[in-house]
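Welcome! Take a moment to look over the model, and then let us walk through it together.

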Amino acid sequence: LLNHCLRTYLWAAVMGARDGLRFDAELLYAASLLHDLGICPAFPTPAGECFALAGAELAERQLVSAGWPADRATRIANAISLHLNLVVPVGAHGPEAHLLRAAAALDVVGQGAHRFPSAFFADSFARHPRLDFKREVTQVMAQQARNSPRTRIGFLCGPVQLLSRVKAAPFPE
């Protein structure tokens, strides 16, 4: 999961630079590292609740208690809470939320992979290996969908067929 979070930041920063977006690198880094806090075994999301929202709320509380300014912690929490959305417009939610969603989707299902050379991914995986990521993430997502079928992950694993899309991603396990 840590490598997924690191790849998410790396890829989000590259996307932002490629697309000419002005983003706060510190906010993007913190959001990338914390975006899946709600699926960590140490912080179980209660059944029926969205893990992205639960993780966002936890991240915000932890950041504020660590001395982060409340407005910056809220921006990170908003980005985290939106990362499961199918679309996160830059103008409506800011570049950090937009880039976090795009980079997480790239790593999980390969969305937009055609826009990068294969050497980019080879270098990324050498730095931050996938380590059975597809198997691990499908197990976690399936469990989250079973526990919380009326949340975004329930929808994504149901009609959107996210688990099949993860398995079909153009990346190694």
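## A nonpolar patch on the surface

Leu86, Val87 and Phe155 make up a nonpolar patch on the surface, and together they have about 310 Å² of accessible area. Patches are built from residues with over 30% relative accessible area and no salt bridge; like charges are joined within 9 Å, and nonpolar side chains (Val, Leu, Ile, Met, Phe, Trp, Tyr) within 5 Å. The areas come from the Shrake-Rupley method with a 1.4 Å probe, and for residues only the protein chains shown count as cover.

Valine 87 sits in the loop between α4 (70-82) and α5 (90-93). Helices (H or I, at least four residues) and strands (E, at least two) are DSSP runs, numbered from the N terminus. Is valine 87 buried or exposed? Valine 87 counts as exposed because its relative accessibility is 59%; buried means under 20%, exposed over 50%, and partly exposed in between (1.4 Å probe, protein chains only).

## How to read this model

This is a predicted model, in which local features need pLDDT of at least 70 and side-chain atom pairs count only at pLDDT 80 or more, while totals for chains, interfaces and linings use all residues. Residues are numbered from 1 along each chain as its sequence is written, and side-chain values use heavy atoms, with hydrogens and water left out.

## A buried serine

Now find serine 124 in helix α7 (residues 118-127). Serine 124 is buried, since its relative accessible area is 1%. Which residues does serine 124 contact, leaving aside its neighbours within four places in sequence? They are Leu10 and Trp11, where contact means heavy atoms within 4.5 Å.

Serine 124 and leucine 21 are 103 residues apart in sequence, and their C-alpha atoms are 21 Å apart in space.

## Salt bridges

How many salt bridges does a search of the whole structure find? The search finds ten, a salt bridge being a side-chain nitrogen of Lys or Arg within 4 Å of a carboxyl oxygen of Asp or Glu. One of them pairs aspartate 19 with arginine 18, with the closest N and O atoms 2.8 Å apart. Aspartate 19 is partly exposed at 36% relative accessibility, and arginine 18 is partly exposed at 35%.

Aspartate 24 forms a salt bridge with arginine 72, and here the closest N and O atoms are 2.8 Å apart. This pair links distant parts of the chain, as aspartate 24 is in the loop between α1 (2-18) and α2 (25-34) and arginine 72 is in helix α4, 48 residues apart. Glutamate 96 forms a salt bridge with arginine 75, the closest N and O atoms being 3.1 Å apart. Glutamate 96 lies in helix α6 and arginine 75 in helix α4, so this pair ties together parts that are 21 residues apart in sequence. Glutamate 96 is buried at 7%, whereas arginine 75 is partly exposed at 40%.
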